[in-house]
Amino acid sequence: MKYMTCCEKVREAYSQIGGGDLGFIPKAITAAIRALDEVAADERLPDDVRSKAAYAAANLLMSDYNDD
């Protein structure tokens with residue numbers, strides 16, 4: 001996936017990381033799973049949003065990623 005196909009918020013963060021304004025996270029997949037887990041657990045959000053986050057997190061967990 002190319003960053004230009006992502007929403008404005010993601011493209012902004014990408015530019016800030018690339019420009020040194022935000023720090024790069026070496027264990028990015030673990031960070032993504034944690035962020036998705038937070039979204040999935042947030043009962044204030046609509047269920048469809050929580051379900052999408054849970055599905056994405058579960059798929060990442062089942063993939064062959066290794067952030068060790």
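The largest pocket holds about 820 Å³ of space. A pocket here is an open set of points on a 1 Å grid over the protein atoms alone where a 1.4 Å probe fits, with protein on both sides within 12 Å along at least five of seven lines, and lining residues have an atom within 4 Å of a point. Its volume is the space filled by probe spheres set on the points, which are joined across faces, edges and corners. The lining takes in 19 residues, and Val10, Ala13, Ile17, Ala28 and Ala32 sit nearest the centre. Two elements, α1 (8–18) and α2, each put two or more residues into this lining, with α2 giving the most, seven residues. Helices are DSSP runs (H or I, at least four residues) numbered from the N terminus. By residue type, the lining splits into 17 nonpolar, no polar and two charged; Ala, Val, Leu, Ile, Met, Phe, Trp, Tyr, Cys and Pro count as nonpolar, Asp, Glu, Lys and Arg as charged, and the others, Gly among them, as polar.

All this comes from a predicted model, in which local features need pLDDT of at least 70, side-chain atom pairs count only at pLDDT 80 or more, and totals for chains, interfaces and linings use all residues. Residues are numbered from 1 along each chain as its sequence is written, and side-chain values use heavy atoms, leaving out hydrogens and water. As for pLDDT (the predictor's confidence in each residue, from 0 to 100), the chain averages 92, and 96% of the residues score at least 70.

Pro46 turns up in the loop between α2 and α3.
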